[in-house]
Amino acid sequence: RTSPGLGLAPAAMLLEQDSFLNQVSKMYDRSRTKGTVYVTMKRFTGQHTRKSRKELAAREQETGESPESKVLVRAVGGKVKVSTVVPAKDHERFCRSLMNIYKVKMDALKRRAKAKTKTTKA
């Protein structure tokens, strides 16, 4: 299922890192005048079910190797949802690329008008 006429990825799709960044850029273009884009990051253990810390620690002791840390990055813009998994070794490069997109695409932000308060003399 793809978004009609927008050229965006199918809803709720796991993408490669570069494809994810391209889709986020398209989301920001689409929401320039109206709309919101949410980007969230959370730790990803590689499991699709909830495991307790004790179970994960026990598995680590059995295998003798610790699982590589990963980050799950999700972006939601309108009805389009995309996500990617970033390993620890690529995290810094990925965040730099994402911040560059933020800087370029968030130029349409407007300052809020401050309400003027009148002070009365006593």
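What you have open is a predicted model, in which local features need pLDDT of at least 70 and side-chain atom pairs count only at pLDDT 80 or more, while totals for chains, interfaces and linings use all residues. Residues are numbered from 1 along each chain as its sequence is written, and side-chain values use heavy atoms, with hydrogens and water left out.

**Around Lys-105.** Leaving aside residues up to four places away in sequence, Lys-105 touches Ser-25, Tyr-28, Asp-29 and Arg-32, where contact means heavy atoms within 4.5 Å. Lys-105 lies in helix α3 (residues 91-105); helices (H or I, at least four residues) and strands (E, at least two) are DSSP runs, numbered from the N terminus. Is Lys-105 buried or exposed? Lys-105 counts as buried because its relative accessibility is 19%, buried being under 20% relative accessible area, exposed over 50% and partly exposed in between, with a 1.4 Å probe and protein chains only.

**The whole chain.** Now colour by secondary structure: the chain has three helices and four strands, which follow one another in the pattern β-α-β-α-β-β-α. Of the 122 residues in the chain, 26% are buried.

**The sheet.** Select the strands, which form an open sheet of four in the order β1-β4-β3-β2, with mixed pairing. At its edges are β1 (13-14) and β2 (37-44), each of which pairs on one side only; two strands pair if DSSP finds at least two bridges between them. Strands β2 and β3 run antiparallel and are joined by eight bridges, and Val-39 stands opposite Ala-75 in β3. Eight bridges also connect strand β3 (residues 70-77) with strand β4 (residues 80-87), again in the antiparallel sense. Next, show helix α1 (residues 17-30), which packs on the sheet and touches β2, β3 and β4, its direction making about 145 degrees with that of β4; axes are lines fitted to C-alpha atoms, for helices over the stretch in contact, and angles run from 0 to 180 degrees between N-to-C directions.

**The hairpin.** Move to the turn that links β3 and β4, where two residues lie between the strands and Gly-78 takes a positive phi near 70 degrees.

**Thr-84.** Further along, select Thr-84 in strand β4, which counts as buried because its relative accessibility is 1%. Its side chain reaches the backbone oxygen of Leu-15 at 2.9 Å, and, not counting residues up to four places away in sequence, its contacts include Phe-20, Val-73 and Phe-94.

**Confidence.** Finally, colour by pLDDT, the predictor's confidence in each residue, from 0 to 100: the chain mean is 80, and 78% of residues reach 70 or more. Over residues 1-6 the pLDDT is below 50, and this stretch has eight contacts in the model beyond near neighbours in sequence. Where pLDDT is low, the predicted coordinates should not be read in detail.

Note on methods
A polar contact is a pair of N or O atoms within 3.5 Å; within protein, one must be able to donate a hydrogen and the other to accept it, and residues adjacent in sequence count only if both atoms are side-chain atoms.
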